[in-house]
Amino acid sequence: MSNFKLNLVLTLLVILIVALAFVINSEAEFLGADSQAEEAVSEVNPNYEPWFEPLWEPPSPEVESLLFALQAAIGAGFICFYIGYKMGIKKGDISAKLQV
């Protein structure tokens, strides 16, 4: 199987899995770990008051999710760039040694 066909099959498989997850969990709420932690704290200590308030609160949960995803993508980009950079340096060292 060629690389193109393999990539196409894998891409379609990922799309199918994601679509299936949305169909199975169509009634589920999208809650992050922060809201779950807040619920757990309020169950343990109903009189708990936070130490401070956020400087800015996003206008909706969708915007908050977007900002979190953007932060994760930027971090992954930096990590992948660093790994690629180091691999390029290593390959450059090997090819330089072979040419000498």
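Me: Why is E53 called exposed?
Reply: E53 has a relative accessible area of 61%. Exposed means over 50%, buried under 20% and partly exposed in between (1.4 Å probe, protein chains only), so E53 counts as exposed. E53 sits in the loop between α2 and α3 (61–99). A word on the source: this is a predicted model, where local features need pLDDT of at least 70 and side-chain atom pairs count only at pLDDT 80 or more, while totals for chains, interfaces and linings use all residues. Residues are numbered from 1 along each chain as its sequence is written, and side-chain values use heavy atoms, leaving out hydrogens and water.

Me: What makes I74 partly exposed?
Reply: Its relative accessibility is 45%, which falls between the 20% and 50% limits, so I74 counts as partly exposed. I74 lies in helix α3. I74 also belongs to a nonpolar surface patch with L55, W56, L67, L70 and F78. Patch members have over 30% relative accessible area and no salt bridge, and nonpolar side chains (Val, Leu, Ile, Met, Phe, Trp, Tyr) are joined within 5 Å. A salt bridge would be a side-chain nitrogen of Lys or Arg within 4 Å of a carboxyl oxygen of Asp or Glu.

How values were computed: Helices (H or I, at least four residues) and strands (E, at least two) are DSSP runs, numbered from the N terminus. Patches are made of residues with over 30% relative accessible area and no salt bridge: like charges are joined within 9 Å, nonpolar side chains (Val, Leu, Ile, Met, Phe, Trp, Tyr) within 5 Å. Accessible areas come from the Shrake-Rupley method with a 1.4 Å probe; for residues, only the protein chains shown count as cover.
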